[in-house]
Each structure stands twice: as C-alpha cells, then as structure tokens.
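Hi everyone, thanks for coming.

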Amino acid sequence: MTKRKCVLVGCGFFSAYHLTAWQRLANRVELVALCDLDRARAQALADRFGIQAVHTDLDQLLATQRIDFVDIATSPASHRAIVDICARHGVPAIVQKPIATSWDDANAMVETMDRAGVPLMVHENFRFQSAVKHAGDLVRDGAIGEPTFARFTFRTGYDIYAGQPYLAQLERFVLLDLGIHVLDVARFFLGEVASVYCQTQSIRPGLAGEDTATVLLRHVSGAVSIVDRSYQGHHQPDVFPQMLVEIEGRDAALRVNTNYLVVVTDRTGRQKTSVVAPEGFGPTSDRWLPTQDSVVSIQRHWLDCLDHNRVPATSGADNLKTLALVEAAYASAAANSPVVPSAPTASMVQS
Ligand SMILES: NC(=O)c1ccc[n+]([C@@H]2O[C@H](COP(=O)([O-])OP(=O)(O)OC[C@H]3O[C@@H](n4cnc5c(N)ncnc54)[C@H](O)[C@@H]3O)[C@@H](O)[C@H]2O)c1
C-alpha cells in the first residue's frame, strides 16, 4: 500500500499524541516533516519521533514537495491562516479543535477548503472515545428506543494547567476548549439543537475566563439534554479524561460509566453490560491513554475517508454545527436567556 505523506504543523503539548497515533498507523502514513514557528521545539520533537525534516514555513514546504495531507495541531488563533495555505496548495487538512476562535473564521475556512475541492476534518476526538463510540452505535441500532433525555458530563480537578498553562489566559475558556467536545457528543447522540441555555462560572482564582459551564439543550427531535463540564470538580475517583453519559429512551436507558462500562437497562430492570475500555486501560495506566486511543481512532477514520473518498464524520462543515452551540452558549450566558444557534454561513460548493 502506498503511504500517504503527511506534515504535522504545531509541535506543542498535544502534537505528541498525534505523532504517537501516526506511528501506530505507520503502514499507511509517512511523516515527512514537522513544522513549527519555533524551530528548536520542532527539532526536539523530530529527534524524539525519528522524523528527518524540520521546517518553519509551511507555505514554502508545500510549494516544493508533494504532500498528501497536513495535520494542524497549532494554537487555535493560527488555524485559519494555516488552512488557507493548505487550500492554496490544494492539500487536504486535519485541524485541531476548536476549528477557529471566531465564527466568521470557521465559516471562511470551511468555504475556502470546499472551493479548493479538498477535504477538511476537525480533530474532534471525544466521539471517538471507545465507550462513547460503542454507546452511539447501540443508540443508533435502537437499543433504547427513541432518546428523550441525556446528560453528558465531564467534571474533573485534574491539573490541566501543568501541560497547558495558556488555558488560564483564555477569556473564552472551558466552553471553547472542552465544552466544544462535550457539545459535539450531544449532537452525536441526539442530533441538531433548536435552543441553548447556558450558565458559566469562573471558580479557580486567577483565570481570565470561565472554568465551569452548564448547558441545557433542546434538540430538534424534542429530546432534552444537559451538558455540564468543569475543571473544578473534586469528585473521587476523578475519571479524567473519560466522558460520562446517561441517556434515557422510550424503551430503555443507557449509561457510559467510569472504567468504560456501558450499561443498558430495560423497563424490567434487566441489564446488559459491556466493557469498552481502550487496550491497556487500568488503575496504573497512563492518565491520557484513553485520549491517545481516541486520537488513533479519529486519525484512522481520516485515512479511511481519504481511501474511500468519504466525508469525515467530523468534517469542517459538520463541526460548524458544534461551534454554533459554543457561540450560542456564550450568547445565552451573557443574556441569561435561551438562544437559537446560528446556521453556518459557509455556502458549500459540494456537500
Ligand atoms: N483534542 C484534544 O483532546 C486536545 C487536547 C489538548 C489540546 N488540543 C488542541 O491542540 C491544539 C494545540 O494545543 P497545544 O496544547 O499543543 O498548544 P501548545 O501551545 O502547547 O502548542 C502550539 C504550537 O503551535 C505552534 N504554532 C503556533 N502558531 C503557529 C503557526 N502559525 N505555524 C506553525 N506553528 C505554530 C507554537 O509554536 C506551539 O509550538 C489546540 O487547538 C488545542 O485546543 C486538543
């Protein structure tokens, strides 16, 4: 099989998870270069992962070499400019979440890639967590009947500031950084959203933005869900980075519990339990192992989509609908009233 040539742009905290995943997919992908404005940082990562070339100028690199896709793991404010470069060179791209820091930028990026006729996938990995993915399959296969209510929870006291100190400076923090994942999972299970009501809190001293947000969604289907997440949840066991889900349907209920237990309970109280943990998951495993597993899973999905000319589940166009929920949540919190999420403005050339 011919390997696809990839350049990874952005060599900070999260890039190692992308690279570890590409290593696991090494029979399908060749990492030809790393690119970062900070050459020393890129070199250190290249040495660690055995990658030959290091660049600081993606535009020049794409002008001189045939690259099959670019994997963007840079700071969110840089995403639009880098996607523009990819579009100019007609190169498909994966971009980390949040796709952009503004609604206008995100729509422009989707439109630009669409006009260039190349795929754009947002690296939205939470719906690729093993248990979440399995639960989604069960719900879509009718295991609980029509969903009527759900709660999607991510509350932790894990010190995320150690690896990502920049988070403390973000004026739009938990909704845009983490909430976007959980809102995407809500769409994944219950479909599009008709209205959003949100309350935010800034609990840890010294933050520029909110670290806790509670959102009530009314879905187009009529189902209602609560999306709640906090970086100041001090429960034990602290299950970071697992997402917990409970869904009630007309026929049965489903829970994604701690330790990747997926439990379906029918009206008579009969339960069916499956354990859908990532390989190697256990009390002594690396805390980020479930995240790493979901990163492998979404990157494999991207390759499958390229191979079969399919639109990724978390395409740029799809992800605009998730970003719209984040924007609506901020607007709702500011106005203290429900908000109808905006429709994407990107006018698509192709689907
Ligand atoms: N999906 C997840 O679970 C998850 C987890 C953590 C971070 N992230 C996302 O990953 C992205 C990166 O986060 P991070 O924590 O690694 O950030 P970071 O600040 O540690 O690293 C960002 C890197 O991008 C480089 N960079 C910035 N602008 C650039 C440009 N124009 N060209 C080339 N390089 C540029 C910086 O020099 C830096 O090395 C963000 O979008 C973040 O939200 C996702």
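**Around the ligand**

So, the ligand lies between domain 1 (4-118) and domain 2 (127-286), because both of them give residues to the shell around it; the domain bounds come from an automatic or database domain assignment. A quick word on ground rules: this is a predicted model, where local features need pLDDT of at least 70, side-chain atom pairs count only at pLDDT 80 or more, and totals for chains, interfaces and linings use all residues. Residues are numbered from 1 along each chain as its sequence is written, and side-chain values use heavy atoms, with hydrogens and water left out.

Who's in that shell? There are 24 residues around the ligand, and the closest are Phe14, Asp36, Arg41, Asn125 and Tyr166; to be near, a residue needs a heavy atom within 4 Å. By class, that's 10 nonpolar, 10 polar and 4 charged residues. Here Ala, Val, Leu, Ile, Met, Phe, Trp, Tyr, Cys and Pro are nonpolar, Asp, Glu, Lys and Arg are charged, and the others, Gly among them, are polar.

Now some polar contacts, meaning pairs of N or O atoms within 3.5 Å. A polar side-chain atom of Arg41 sits 2.7 Å from a ligand oxygen. Lys97 uses a backbone N or O atom instead, 2.8 Å from an oxygen atom of the ligand. Leu37 also brings a backbone N or O atom, 3.4 Å from a ligand nitrogen. As for cover, the protein hides 86% of the 860 Å² of accessible area the ligand has on its own, using the Shrake-Rupley method with a 1.4 Å probe.

In general, most residues other than glycine have a negative phi, and most peptide bonds are trans. Another cis bond links Phe240 and Pro241, with omega about 5°. And Asn259, not a glycine, has a positive phi of about 60°.

That's my tour, thanks!

Note on methods
Polar contact = N/O pair within 3.5 Å; in protein donor to acceptor, adjacent residues only side chain to side chain.
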